[in-house]
Amino acid sequence: YHSVENIGIIVMGLGLAMVGQSRGQPTWVALGMAGCLLHVWNHGLFKSLLFLCAGAVVHETGTRQIDKLGGLARRMPRTAALFFLGAVAICGIPPLNGFVSEWFVYLGLLQSTAHPASATWSATALAIPVLAVTGGLALACFVKVYGCVFLGSARTNHVSNATEASRAMLAPMAVLGMLCIGIGLFPMAVAPSLARASDTWVHHHHALSNVSGLAPLWILSAIAVSLWLAGWIAFRLLAKHMQISGIESACTWGCGYTRPTARIQYT
């Protein structure tokens, strides 16, 4: 389903570029082609990362049924962190690479809606909320799968026998994860290649670095990184405070009942 979704985003960018070419709008072509081609790369990166993480889970637990898992973040913390990274990227959340390619498509669609007299205005205006809805559905999906597989407590003995994946399995995941981070934080590193590709369509130099609206990428990435770091620091400080103060943790929704089974946990 997510392959269908992401290929739909790719085709949406390609369609925007084709409309821009037919209307003589080089900005639409540049942004549409940039979003299309970059999302091809990004999809290959974060989807491969998620597949490898899922393969590590299947290898260590011996099952593909997520309802038989749970609590794997304690036994496979590196795999859980890398899967989380891929999930954030595929949902198009800054500051990772999935956000950058979708941002290009968003910018192109917004540019096209600035021409209400165009015959394609209604279609491009409708595409904006459609693209937003796909991101929301992706987020809901991965919140569920991450919670059921990696959070909570183990539901069966498949998890109790699991150990962290080997270095040979973790190494390619880490490489893919670093590429997702790198493109997200430094999108201008790939902009020249994307600009050359769009130039072949319009035969006009139209560098993406000069397109109005790309500058906020740096601002949004900086804000996102700051929020992630602030959340991590707050979590570490809270954990340290609980340890020093002798505060004990309890089950979520315990409500006085401290021995729930794995079947009644909140997922």
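Biologist: At what angle do helix 5 and helix 6 pack?
Modeller: About 150°, with their axes 9 Å apart. Axes are lines fitted to C-alpha atoms, for helices over the stretch in contact, and angles run from 0 to 180 degrees between N-to-C directions. Helices here are DSSP runs (H or I, at least four residues), numbered from the N terminus. That angle makes helix 5 roughly antiparallel to helix 6 (over 145 degrees).

Biologist: Which residues make the contact?
Modeller: Helix 5 gives E102, V105, Y106, L109, L110, S112 and T113. Helix 6 gives W121, T124, A125, A127, I128, L131 and A132. Contact means heavy atoms within 4.5 Å.

Biologist: What should I know about the model itself?
Modeller: It is predicted: local features need pLDDT of at least 70, side-chain atom pairs count only at pLDDT 80 or more, and totals for chains, interfaces and linings use all residues. Residues are numbered from 1 along each chain as its sequence is written, and side-chain values use heavy atoms, leaving out hydrogens and water.

Biologist: Is helix 5 mostly covered or exposed?
Modeller: Mostly covered. Of its 17 residues, 13 are buried (under 20% relative accessible area, 1.4 Å probe, protein chains only).

Biologist: New topic. Which residues touch the most other members in the largest nonpolar core?
Modeller: L72, F83, F142 and F150, out of 44 residues. Such a core is a set of buried Ala, Val, Leu, Ile, Met, Phe, Trp, Tyr and Cys residues joined through side-chain atoms within 4.5 Å.

Biologist: Which helix gives the largest share?
Modeller: Helix 2, with 10 residues.

Biologist: And what does F150 contact?
Modeller: Leaving aside neighbours within four places in sequence, F150 contacts V57, G71, L72, A73, T79, A80 and F83.

Technical notes: Buried means under 20% relative accessible area, exposed over 50%, partly exposed in between (1.4 Å probe, protein chains only). Helices (H or I, at least four residues) and strands (E, at least two) are DSSP runs, numbered from the N terminus. Angles under 35 degrees count as roughly parallel, over 145 as roughly antiparallel, 65 to 115 as roughly perpendicular and the rest as oblique.
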